[in-house]
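Take a look at the structure below.

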Amino acid sequence: MRTAPARLASAYVTTVRLTPTDNGVSYDTDALVVGVHTGPDGLLPAPGAEGLDQALGGRLAATLESVGAKGKPGEISKIPTFGALTAPLLVVVGLGEAPEAPDDGSGDGYDAEVLRRAAGTAVRALAGTGRVTLALPAASAEHAGAVALGGLLGAYSFTKYRTTSEQVSPVSELAVVTDAEGAQAAIERAGTLAESVSLVRDLVNTPPSGLWPARFAEIAERVGSEAGLSVEVLDEKALKEGGYGGIVAVGQGSANPPRLVRLSYSHPEAGKKLAYVGKGITFDSGGLSLKPTASMDWMKSDMSGAGAVLGALLAIAKLGLKVNAVGYLCLAENMPSGTAQRPSDVFTSFAGKTVEVLDTDAEGRLVLIDGIARAGQDDPDVIVDVATLTGAQIVALGWRTAGVMGNDDDLRAEIVATAGEQGEAVWPMPLPEELRKGLDSPVADIANLHPERFGGMLTAAVFLREFVPDGVRWAHIDMAGPSFNKGEAHGYTPKGGTGAITRTLVGLAERYAGEPSR
């Protein structure tokens, strides 16, 4: 029997304290974070920093400029206060040009994502610091929540496999300075989102030796039950008996058999039902269509879609949203062996359609089609599937922008708008009808690969569309790049697993529950 530690281990702050505004001199903290803007005549203090210049003898701007500070977004300057403030360290983060307040007086013009990134950048820069107070612009509940969320996500560190105390959580306590009405609820929401995103990051960062399909299912069952979700797990026998041909075919080459996890949340006042389907390939070698080494070493992240669905369902339940939601985690390990599926094999999917497998490395779509077809039986208003599906997404949109496609333009637009509100980059993409013919198979209803190498993100979505139940609004999010940061950390995004799209799925549920955007 394989065993694993009882919980995933990462270091991150789980709560944020709300602190009333004062002049900036007397905050009881180890580090005080404020913002500055670039201006035509030098640096300009952002709201939250105005009273500090006097406490520092009028030398704040001059001191910053002497160390080369420009106020550019993400720029960090650390200044010892030498007793002029209660906080021994002042951390100044650049916010770029000062925003213009709307003419209607509806706000101060600050973009929530700018504040999230500034808070995350500052917290990441404070590795080893104890208590951190964020005195960034937070005149509204939305902005207070943004600052809190950015700080919480910036405090994440994956520590499970480290044997030293280095690289632990940057901070032990976070406080946000605000007097805004409704700020407490916004900060609590930020804590819930950060907890879900951090769990997803943990799952993505865990190597395949510590996260195989059955182990993933165990974690989902435990955390789902703790959050009040109904959880059902189908093992390899139940999958075969139930006709889940795609999940079975992908998983049959591995010593670690596949699983399908169904998570369900309901609210007595719900008027809408959402179904989320996540690709959960816990490791993708490519199968017999083996990947090259350089394309394989980060394939532990190929379960990011299932992670995002799990994280979203947990947050939806904890927030008590007035919406019904189901989530499907389509879990398998794609490995080569004597029992693996072969190019030219044909299987029957859960939807009853037959599929010819031309490339075993185009496996994500094969598990998703079973999840999508099964989700249709829940009679949802919409189905959204989330997957690290194609390298073509990275070619087309880069590492930080996901693509969204679907059979309903309004739903696609809703997802783009929701993602923007949550600070996640998603770009709408088409489903050209002419691509369907390339998926014709001489021996089955459809083939899993288009012969043309161009437009791979689009043809994969066209393939998925064939398995969407009639009359159901459906969207597909390809986040192959955004799910895993192979570069340096930036803003509140760490190196490695990012937890991408989790917040978008929660935001979409809030939209369908009639909650205000935030």
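Ala, Val, Leu, Ile, Met, Phe, Trp, Tyr, Cys and Pro count here as nonpolar, Asp, Glu, Lys and Arg as charged, and the others, Gly among them, as polar. With those classes, the lining of the largest cavity has five nonpolar residues, four polar ones and no charged ones. Keep in mind that this is a predicted model.

Which residues line that cavity? They are Val200, Val204, Ser304, Ala308, Met479, Ser483, Thr498, Gly499 and Ala500. The space inside is about 30 Å³. The structure holds one cavity of 30 Å³ or more.

Now turn to the largest pocket. It holds about 920 Å³ of space. Its lining counts 39 residues. Asp361, Leu389, Thr390, Gly391 and Ala392 lie nearest the centre. By class, the lining has 18 nonpolar, 10 polar and 11 charged residues. At least two lining residues come from each of β12 (273-284), α9 (293-296), α11 (364-376), α12 (391-397) and α14 (456-465).

Last comes the packed interior. In soluble globular proteins, nonpolar side chains tend to be buried together. The largest nonpolar core here has 94 residues. Tyr276, Leu310 and Leu329 have the most contacts inside it. Helix α10 gives the largest share of this core, 10 residues. Another core lies apart from it, with 45 residues, among them Leu239, Leu458, Ala460 and Leu464.

What does Leu310 touch, leaving aside its neighbours within four places in sequence? Leu310 is in contact with Leu199, Leu203, Phe216, Ala220, Val223, Leu263 and Leu329.

Note on methods. Residues are numbered from 1 along each chain as its sequence is written. This is a predicted model: local features need pLDDT of at least 70, side-chain atom pairs count only at pLDDT 80 or more; totals for chains, interfaces and linings use all residues. Side-chain values use heavy atoms; hydrogens and water are left out. On a 1 Å grid over the protein atoms alone, a cavity is a set of points where a 1.4 Å probe fits but cannot get out, and a pocket is an open set with protein on both sides within 12 Å along at least five of seven lines; lining residues have an atom within 4 Å of a point. Grid points are joined across faces, edges and corners, and a volume is the space filled by probe spheres set on the points. Helices (H or I, at least four residues) and strands (E, at least two) are DSSP runs, numbered from the N terminus. A nonpolar core is a set of buried Ala, Val, Leu, Ile, Met, Phe, Trp, Tyr and Cys residues joined through side-chain atoms within 4.5 Å. Buried means under 20% relative accessible area, exposed over 50%, partly exposed in between (1.4 Å probe, protein chains only). Contact means heavy atoms within 4.5 Å.
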